[in-house]
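Subject: Handing over a structure

Hi,

Here is the structure I promised to pass on to you. Please open it first, and then read my notes below.

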Amino acid sequence: MKHIISSDAQGTAQAFAEFLIDQINQSNTLNIALSGGSTPKILFELLADEYEEEVDWNKVNLYWGDERCVPPTDGDSNYKMTNDLLITQVSIPDSNVHRVLGENEPEGEAARYGKDISDNLPAANGLPQFDIIILGMGGDGHTASIFPHELELMNDERVCAIGVNPDSGQKRVTLTGPVINNAKHVCFLVTGEGKAEKIDEIFNKKEGSEKYPAAHIAPTDGTLTWYMDQAAAVKL
Ligand SMILES: O=C1O[C@H](COP(=O)(O)O)[C@@H](O)[C@H](O)[C@H]1O
């Protein structure tokens, strides 16, 4: 496990963007699962503003590690944020964009999306393998949409399942733990002082940290990198 600490959220997005651009330029095709959240928002703006011309976007296939079960026009939609800030700003073919159909019935959509992933990605260890998965970590230690009260999703045999936000009751489609941990590169983007406590607990393996889904991310054969800002990493 590696961690890269930048001075602020902009620096965190920049550090990850440089890694991503290198990976795209070194690959014939790159399958990436995106996340929602505040740092990816900065990342998408940065990619559109500064890296649009730097890569061949035809090589990039976009998926989502989690999505809220809402229509793609809803302000809560992770796809909407990516579409507004990145997809409509770079030359990426529509056929490369594999969104979760958040407007569909959740359980059926989790199965459909899992099949879309299995049908299109190469397999390794009997599971689809992403080149890169971007993760965030919520203030409660959730990652993707695996929340502490549904830790069993870390060991679920399906590719995708439904997670439920315990505060709002909102259903979300999420990749399961085994698929996340099967990726070649798993990259957390975590910024802000609100994450410092959990970062400290997870990194220092404090008692009780095992209840946080983010603490269970440990790629089987791939790399794990935490991109953080100083505020999130202040207790390390
Ligand atoms: O609910 C979500 O939040 C997490 C973390 O977001 P952040 O703004 O606290 O960085 C995100 O990873 C996930 O995709 C999203 O659905």
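**What I found**

Let me begin with P219, which sits in the loop between α6 and β11. Before going further, please keep in mind that this is a predicted model, in which local features need pLDDT of at least 70 and side-chain atom pairs count only at pLDDT 80 or more, while totals for chains, interfaces and linings use all residues. Residue numbers start from 1 along each chain as its sequence is written. Helices (H or I, at least four residues) and strands (E, at least two) are DSSP runs, numbered from the N terminus.

P219 is partly exposed, as 16 other C-beta atoms lie within 10 Å. For that label, C-beta atoms are placed from the backbone, and a residue is buried if 20 or more other C-beta atoms lie within 10 Å of its own, exposed if 12 or fewer, and partly exposed in between. P219 touches N181, A183, V186 and L224, leaving aside residues up to four places away in sequence. Two residues are in contact if their C-beta atoms, placed from the backbone, lie within 7 Å. N181 is 38 residues from P219 in sequence, yet their C-alpha atoms are 4.0 Å apart in space.

**The chain as a whole**

The chain holds six helices and eleven strands. Its C-alpha trace spans about 45 × 40 × 35 Å along the principal axes. A compact globule of 236 residues would have a radius of gyration near 18 Å, and the 16 Å of this chain agrees with that. Here the radius of gyration is taken over C-alpha atoms, and the globule rule is 2.2 Å times the number of residues to the power 0.38. Of the 236 residues, 44% count as buried. Among contacts between residues at least 6 apart in sequence, 76% join residues at least 24 apart.

The unreviewed UniProt entry annotates residues 9-226 as "domain: Glucosamine/galactosamine-6-phosphate isomerase". UniProt positions are given in the numbering used here, feature names are shortened, and annotations may be inferred rather than shown by experiment. The span 9-226 is 30% helix and 19% strand, and its end C-alpha atoms lie 13 Å apart.

**The core and the ligand**

In soluble globular proteins, nonpolar side chains tend to be buried together. The largest nonpolar core in this model has 61 residues, and A33, I133, L135 and C187 are those with the most contacts inside it. A nonpolar core means a set of buried Ala, Val, Leu, Ile, Met, Phe, Trp, Tyr and Cys residues joined through C-beta atoms within 7 Å. L135 touches S35, G65, T143, A144, V186, C187, F188 and I217, not counting residues up to four places away in sequence.

L135 also turns up around the ligand, together with S35, G36, G37, S38, T39, D66, N78, G136, G138 and S145. To count as near, a residue needs its C-beta atom, placed from the backbone, within 6 Å of the molecule or strand. This shell divides into one nonpolar, nine polar and one charged residue. In that count, Ala, Val, Leu, Ile, Met, Phe, Trp, Tyr, Cys and Pro are nonpolar, Asp, Glu, Lys and Arg are charged, and the others, Gly among them, are polar.

N78 is also one of the buried residues of helix α3 (residues 78-85), along with Y79, K80 and T82. The cover over them includes β2 (30-34), α2 (38-50), β3 (60-64) and β4 (66-68).

**A few residues to look at**

A9 lies in helix α1 (residues 9-26) and counts as buried, with 22 C-beta neighbours inside 10 Å. Leaving aside residues up to four places away in sequence, A9 touches S38, T39, I42, T191 and D229.

Which residue has a positive phi of about 45° although it is not a glycine? A144 is one; it lies in the loop between β7 (132-135) and β8 (160-164) and counts as buried, with 32 C-beta neighbours inside 10 Å. K205 is another non-glycine with a positive phi of about 45°. K205 is found in the loop between α6 (196-203) and β11 (223-229), and is exposed, with 9 other C-beta atoms within 10 Å.
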